[in-house]
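Thanks for coming, everyone. Please bring up the model and follow along with me.

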Amino acid sequence: MLAVSVVLALVLPGRGGHGDVTREVRLQGSAEPGDDRFTDSTDPQRGARVPPAARGTSPGADGGHASTRGAADGLYGGTRNVPACEVERQISRLGAAPAKNRAFAVAVGVEPVAVPRYLRSLTPLRLVRDAWVTDHGYRSGEAYPYQAVLQAGTAVLVDRLAVPRVRCACGNPLSEPDGEGRYRPTGNRWTGFSLARTVRVKAAEKPVDAFVIADLAVPGRRIVRPAGGTGHRFDRAAPPPAVPATATATAAAPTTRPASAPAPATGSGSGTRTGSGTESDPGPALPPGPVS
């Protein structure tokens, strides 16, 4: 199993190659259908509240260049055996609207006939951080791109490289964000929103076999969801995160004695020494944790 590996980079408004031109970035709440949507919502929960504890490590508020890798940062979450998006319903809605199906295919880079197979290759998850994406609305028979921030709790379909590809509240295709230049947020702001703390998702270095995600129903727990799984079954509980090496060294610090100190007396009158002339107790071995 390969756990998800992604890069979460701070979006830095005001930097990039677009000079002083200010552009719009649309704020989209987790349950808002938005304008120019491809389909109706296929999110059975119509958005979800994300507990603060599930959000993982937050980016610095100073807008620095910090980035981080791995599932432990809590980019995605979900509820065990409850899909964030009904994939078959999404396929049915697009299949019933050939013009939209064609526009969707162009936006994601597949042939129209391959859209069902493409959608079934994706994994239904929920964002647990506000994420900047390029969204694609449908208008006049074509898909058009625009910059958007999706609220934590938004249901998305994610590809094998851990990048959101479909927003389930509207069926819109998603791609990696532009995020350069100056941006002015438009739309309704939610509590806790800050453009400087929005994250962008970059592709994982390797295809993901299984996603290790935050359990939004049981704080502090995690779920393993197979890539391409519907979310209806095959989820399983993930073991707790591995204890960092520094914490292990502190928790199991050995006791040492200078070489000149006498060994303690034992029933046989002998002590146990290491080759360096010191005596140590390595402490109990810790069970291995998951790779993230």
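Start with R26. R26 lies over the face of Y146, 3.8 Å from the ring centre. The rule for a charge over a ring is that NZ of Lys or CZ of Arg is within 6 Å of the ring centre and within 35 degrees of the ring normal. Now go to R139. Its charged end sits over the ring of Y144, at 4.5 Å from the centre.

A word on the source. This is a predicted model, where local features need pLDDT of at least 70, side-chain atom pairs count only at pLDDT 80 or more, and totals for chains, interfaces and linings use all residues. Residues are numbered from 1 along each chain as its sequence is written, and side-chain values use heavy atoms, with hydrogens and water left out.

Stay with R139. Which residue forms a salt bridge with R139? It is D36, and the closest N and O atoms are 2.8 Å apart. A salt bridge here means a side-chain nitrogen of Lys or Arg within 4 Å of a carboxyl oxygen of Asp or Glu. D36 lies in the loop between β2 and β3 (67-69), and R139 in strand β6, so the pair ties together parts 103 residues apart in sequence. Strands, like helices, are DSSP runs numbered from the N terminus; a strand is E with at least two residues, a helix is H or I with at least four.

Are these two buried or exposed? D36 has 25% relative accessibility, so it counts as partly exposed. R139 is at 46%, so it is partly exposed as well. The cut-offs: buried is under 20% relative accessible area, exposed is over 50%, and partly exposed is in between, with a 1.4 Å probe and protein chains only.

How many salt bridges are there by this rule? The count comes to nine. Look at R23 and D178. Their closest N and O atoms are 2.9 Å apart. This pair links distant parts of the chain: R23 is in strand β2 (residues 22-28), D178 is in the loop between β10 (172-175) and β11, and they are 155 residues apart. R23 is partly exposed, at 27% relative accessibility. D178 is partly exposed, at 28%.

Next, E24 and R184. Their side chains meet in a salt bridge, 2.9 Å from N to O. Here too the pair links distant parts: E24 in strand β2 and R184 in strand β11, 160 residues apart. E24 has a relative accessible area of 44%, so it is partly exposed. R184 is partly exposed, at 43% relative accessibility.

On to the aromatics. A pair of aromatic rings is described by the distance of the centres and the angle of the planes. Rings of Phe, Tyr and Trp (its six-membered ring) pair if their centres lie within 6.5 Å; planes under 30 degrees apart count as stacked, over 60 as edge-to-face, and the rest as tilted. Searching the whole structure gives six aromatic pairs. One of them is W132 with Y183, edge-to-face, at 4.9 Å centre to centre and 90° between the planes. W132 lies in strand β6 (residues 131-139) and Y183 in strand β11 (residues 182-186), so this pair ties together parts 51 residues apart in sequence. W132 is buried, at 1% relative accessibility. Y183 is buried too, with a relative accessible area of 8%. There is also an aromatic cluster, made of F38, F104 and Y138.

Two polar spots now. T39 is in the loop between β2 and β3. T39 counts as buried, at 6% relative accessibility. Its side chain makes a polar contact with the side chain of Q90, at 3.3 Å. A polar contact is a pair of N or O atoms within 3.5 Å; within protein, one must be able to donate a hydrogen and the other to accept it, and residues adjacent in sequence count only if both atoms are side-chain atoms. Leaving out residues up to four places away in sequence, T39 touches Q90, R93, L94, C170 and G171. Contact means heavy atoms within 4.5 Å.

The other spot is R222, in strand β14 (residues 222-226). R222 is buried, at 15% relative accessibility. Its side chain reaches the backbone oxygen of P239 at 3.1 Å.

Last, the whole protein. It has four helices and 15 strands. Of its 292 residues, 43% are buried. Among contacts between residues at least 6 apart in sequence, 75% join residues at least 24 apart.
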